[in-house]
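The following report covers salt bridges, nonpolar packing and backbone features of one structure.

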Amino acid sequence: MSDAVDTSPKTPIKEMKISQEIMIQMQGVHKWFGQFHVLKDINLTVNRGERIVICGPSGSGKSTLIRCINRLEEHQQGKIVVEGTELTNDLKHIEMIRREVGMVFQHFNLFPHLSVLDNLTLAPIWVRKTPRREAEQQAMHFLERVKIPEQAHKYPGQLSGGQQQRVAIARSLCMNPKIMLFDEPTSALDPEMIKEVLDTMISLAEEGMTMICVTHEMGFAKTVANRVIFMDGGEIIEENEPEQFFNHPRHDRTKLFLSQILAH
Amino acid sequence: MTDKTVDAHRIDPPSLAGTYNPRPYEPGTHPDLPPPGNTIGLQGWLRQNLFSSPLNTLATLVGLYLIWLTLPPLLSWAIFDADWRGSTAEDCSSDGACWVFIQTWFKQLMYGRYPDEELWRINLSYLIGAIGIGYLVIPDLPRKPWVGAFMLIVFPAIALELFTGGEFGLPAVETARWGGLFLTLVVASVGIVFSLPLGVLLALGRRSDMPIIRAISVAFIEFWRGVPLITVLFMASVMFPLFMPEGVNFDKLLRALFGVMLFASAYMAEVVRGGLQAIPKGQYEAAESLGLSYWKMMGLIILPQALKMVIPGIVNTFIGLFKDTTLVSIIGLFDLLGMAQAALTNPDWPGYAAESYVFAGLVFWVFCFAMSRYSQYLERKLHTGH
């Protein structure tokens, strides 16, 4: 979907500076689902302003990796530090990190019993203790950013898939996160809706948001990412700048994966 | 070969020849035509619902015949041939129902043996309760949370004070004198009001990650669900006092209330658990990823959806509970049905069982039907199109 990317010159995403400040650090992280070793010795450091795309065959542990960052999955060995706070069993730490880390899911996971506006204001009001009026203003601001302010009083079930995913992005942004995690945000969408979601993600990148995206949108990876990570069998096989990654993959498994995914 | 096949499958409209104009309108100029007359209105409804097939037509006719057989005799017994006026059994001379019986016993059926001069206390509570519930049920009124809190916290205290008395210059009325519909409503509303929150807690406990909480919840639910309510009531009224030290005595009604409450909450817990299980994992993950704590996630995201989903089951349990309150007559409490049976044993009024039971049944039906309708209304109102 490289055509999904706005190539106008106003967006020199590639030239944007990456800060030296470390946002996420994973050291020797292992995880098992029962007997199944799903993450093997993951070492990853993410600086502020980085835009990382993680790709790889299904079952390679991509989603599990980013779900460990906000503790939707618990890692069993190694160390994960997010924004200076280490993820342990301490609920206080977990909730603190979750406040700063936004997540967008493959299946949107909007709250169907709440209107779009209430979906957006719920966490700011109940977690950040923002006054309702202020939370609503902020929600409208983000709905305008994702270009659907007119849907504020509808229910999620009344929106298209693309609109729902944009609401989900806005919902995360309402918490003013420092890091955004995207777990295959376009995989459940009809082709004509993928662009609107990718455009929203690109504009986020332009503002310098630290992002980690699990996605198969290679066009997005080429134009937005500053680093592409390839995973297979629970390991990080290869990571590189998109240019090098796509044109000169080093590992055989990467080459095979790229040939499969770019063939059609 | 191919041409032949196509030819064989071609459909010519010979029967429409002459009348059939293949292009009566230019594209884009088709007007909206009315639907055929036999698919709309009364005729359409009858065709679709009562006479759509030979079997359906047969069922309709059989149904009409059965109504014709049963309805006229029922109506003449209950209304046309019934005795409506009088004060003694001698006034009931016709073949129909003797509603005089109900009139005479009406006060006992409604209030039990509550003293006449104190009945205003019950009626006042009814009035406050009716206004409060009415206010909560009518949509779009302001300050509902406050009225709800009043009904759940202040009103029960007022009602308890009014019912039992003993303070503020109100003469005390012991619970042994409570009875009739009044007692039924007391038992049912206490059971309903306490069983839902208790049931929710038990359901959450049963799904908890903490083994001890889960074990306690499972044991509680399985114990109360596995025991008949009659046994529970007997235990509460006969066995329980045996285990109490000398001189400590809980009111019999209070013990029955506890039994009903715990019994109903076990059922409620399983209904709520069904709803919790139907909530997709993604809802939990979305709530967690936004930083919501366990109780906020449950209270704001999971339970509103889960409870909405199981409204039919919840109301089903409420209705079951409402009718199960009749079992308190086993331990010597005279609820509406108990009172109706007691009236039957009066030597001055022999043989009016039909009237007594029909009346009690009708009163129960009215309450249960109202709950059922309200739950259907609630389901429609809370439906947000997903």
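In this predicted model, a network of salt bridges links B:Arg206, B:Glu222, B:Arg225, B:Glu270 and B:Arg273. Within that group, B:Arg206 pairs with B:Glu222, with 3.2 Å between the closest N and O atoms. The two residues belong to distant parts of the chain: B:Arg206 sits in helix 7 of chain B and B:Glu222 in helix 8 (residues 211–226) of chain B, 16 residues apart. B:Arg206 is buried, at a relative accessible area of 17%, whereas B:Glu222 is partly exposed at 35%.

**Salt bridges in chain A**

Over all chains, the structure holds 23 salt bridges. One of them joins A:Glu50 and A:Arg227, whose closest N and O atoms are 2.8 Å apart. A:Glu50 lies in the loop between strand 2 (36–47) and strand 3 (51–55) of chain A, and A:Arg227 in strand 9 (residues 227–232) of chain A, so the pair ties together parts that are 177 residues apart in sequence. A:Glu50 counts as buried because its relative accessibility, 6%, is under the 20% limit. A:Arg227 is buried too, with a relative accessible area of 15%.

The side chains of A:Glu238 and A:Arg250 also meet in a salt bridge, at 3.7 Å from N to O. This pair links distant parts of the chain, 12 residues apart: A:Glu238 is in strand 10 (residues 235–240) of chain A, and A:Arg250 is in the loop between helix 8 (242–247) and helix 9 (252–262) of chain A. A:Glu238 is buried, with a relative accessible area of 3%, while A:Arg250 counts as exposed at 55% relative accessibility.

| Salt bridge | N to O distance |
|---|---|
| A:Glu50 and A:Arg227 | 2.8 Å |
| B:Arg206 and B:Glu222 | 3.2 Å |
| A:Glu238 and A:Arg250 | 3.7 Å |

In soluble globular proteins, nonpolar side chains tend to be buried together. The largest nonpolar core here has 123 residues, and A:Met26 and A:Leu65 have the most contacts inside it. Helix 10 (residues 252–277) of chain B contributes the largest share of this core, 12 residues. Not counting residues up to four places away in sequence, A:Leu65 touches A:Met26, A:Leu39, A:Ile42, A:Leu44, A:Ile54 and A:Met231.

Helix 14 (residues 336–344) of chain B has as its buried residues B:Leu336, B:Gly338, B:Met339, B:Ala340, B:Ala343 and B:Leu344. These buried residues pack against four elements of chain B, namely helix 4 (99–111), helix 7 (180–206), strand 1 (334–335) and helix 15 (353–382).

Chain B is divided into domain 1 (50–80) and domain 2 (99–114 + 173–382). Their C-alpha centres lie 36 Å apart. A nonpolar surface patch of about 980 Å² is made by B:Phe51, B:Leu61, B:Leu64, B:Ile67, B:Leu71, B:Leu74, B:Leu75, B:Ile79, B:Phe80 and B:Trp84.

**Backbone features in chain A**

Most residues other than glycine have a negative phi. A:Glu83 is not a glycine, yet has a positive phi of about 55°. A:Glu83 lies in the loop between strand 4 (77–82) and strand 5 of chain A, and counts as partly exposed at 28% relative accessibility. A:Glu184, likewise not a glycine, has a positive phi of about 45°. The loop between strand 7 (179–183) and helix 6 (191–206) of chain A holds A:Glu184, which is buried with a relative accessible area of 13%.

A:Thr85 is found in strand 5 (residues 85–86) of chain A. A:Thr85 is buried, with a relative accessible area of 13%. Leaving aside neighbours within four places in sequence, A:Thr85 is in contact with A:Ile80, A:His93, A:Met96 and A:Ile97.

Key. Residues are numbered from 1 along each chain as its sequence is written. Chains are lettered from A and ligands numbered from 1 in the order in which they are written. This is a predicted model: local features need pLDDT of at least 70, side-chain atom pairs count only at pLDDT 80 or more; totals for chains, interfaces and linings use all residues. Side-chain values use heavy atoms; hydrogens and water are left out. Patches are made of residues with over 30% relative accessible area and no salt bridge: like charges are joined within 9 Å, nonpolar side chains (Val, Leu, Ile, Met, Phe, Trp, Tyr) within 5 Å. Accessible areas come from the Shrake-Rupley method with a 1.4 Å probe; for residues, only the protein chains shown count as cover. A salt bridge is a side-chain nitrogen of Lys or Arg within 4 Å of a carboxyl oxygen of Asp or Glu. Domain bounds come from an automatic or database domain assignment. A nonpolar core is a set of buried Ala, Val, Leu, Ile, Met, Phe, Trp, Tyr and Cys residues joined through side-chain atoms within 4.5 Å. Buried means under 20% relative accessible area, exposed over 50%, partly exposed in between (1.4 Å probe, protein chains only). Contact means heavy atoms within 4.5 Å.
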